[in-house]
Amino acid sequence: RAHPTDVQFTSILDHSPDFVEGNSDNSKALVAKVIIIQKLWRGHVSRDNLNRQLVAANFITRWRLLVHLPRSHLCKCREASLVIQRHWRMLQSMKYVRRRREAILTIQSYVRGSRARQQIRLCIKSSMRIQSVWRGWLEMKVSIRRLKALIFIQRVWRGTILRWRFKNLLSNSLMNYYHIKQAFMEKNKEIPRMR
């Protein structure tokens, strides 16, 4: 750990502008920052050295185990590694199959959805056509009934008017006939009859 009395540390601080001015608060903050940087760097270097030593120790240990192991144990290790590889490859192939199946299901759902939407559109068009034909037939039936009712009303009205006119005409003609007959009879009374 660096201490402010170290030769290197004091030479760094001597060239710092805050330290030269004699500002005690700034110099204390600068000393604390330098100490933190030194701690971090020394920790990094020691961890790196430790990791290198562990890798070397693992390598040496494995080499010693392989050299000093009996042949039967090596065969068992080889079989174990083959089993592990087989299981690993099976897991990878299962993942591939699962991904493939999901992709197939996605495509199938898209196609089925498209077909279903097409079928729904076709059903809607067909139902609209059936509804329009049915409504047209009902409207035609209603209009035929109205036309028949209108014709019936016209027939009754025309018959009533015709009967009324005929009645007036008949009464007028009977009156005229009666007047004509009476006039004729009066004329016949005046003319003597010849035998």
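I take helices (H or I, at least four residues) and strands (E, at least two) as DSSP runs, numbered from the N terminus. The model is predicted, so local features need pLDDT of at least 70 and side-chain atom pairs pLDDT 80 or more, while totals for chains, interfaces and linings use all residues. Residues are numbered from 1 along each chain as its sequence is written, and side-chain values use heavy atoms, without hydrogens and water.

**Overall.** I looked up the elements first. The protein has four helices and zero strands. From the N terminus they run α-α-α-α.

I then checked burial (under 20% relative accessible area is buried, over 50% exposed, in between partly exposed; 1.4 Å probe, protein chains only). Buried residues make up 6% of the 195 residues.

**The tryptophans.** Which aromatic pair did I find? I searched the whole structure and got one. Tryptophan 134 and tryptophan 137 are stacked, at 5.3 Å centre to centre and 25° between the planes. Here ring centres must lie within 6.5 Å, with the six-membered ring used for Trp; planes under 30 degrees apart are stacked, over 60 edge-to-face, the rest tilted. Both tryptophans sit in helix α4 (residues 71–190), three residues apart, so about one helical turn separates them. Tryptophan 137 is partly exposed, at 38% relative accessible area.

**The patch.** I noted a nonpolar surface patch of Trp134, Trp137, Leu138, Met140 and Ile144, with about 490 Å² of accessible area together. Patch residues have over 30% relative accessible area and no salt bridge; nonpolar side chains are joined within 5 Å, like charges within 9 Å. A salt bridge puts a side-chain nitrogen of Lys or Arg within 4 Å of a carboxyl oxygen of Asp or Glu. Leucine 138 also lies in helix α4. Leucine 138 is partly exposed, at 34%.

Methods:
Accessible areas come from the Shrake-Rupley method with a 1.4 Å probe; for residues, only the protein chains shown count as cover.
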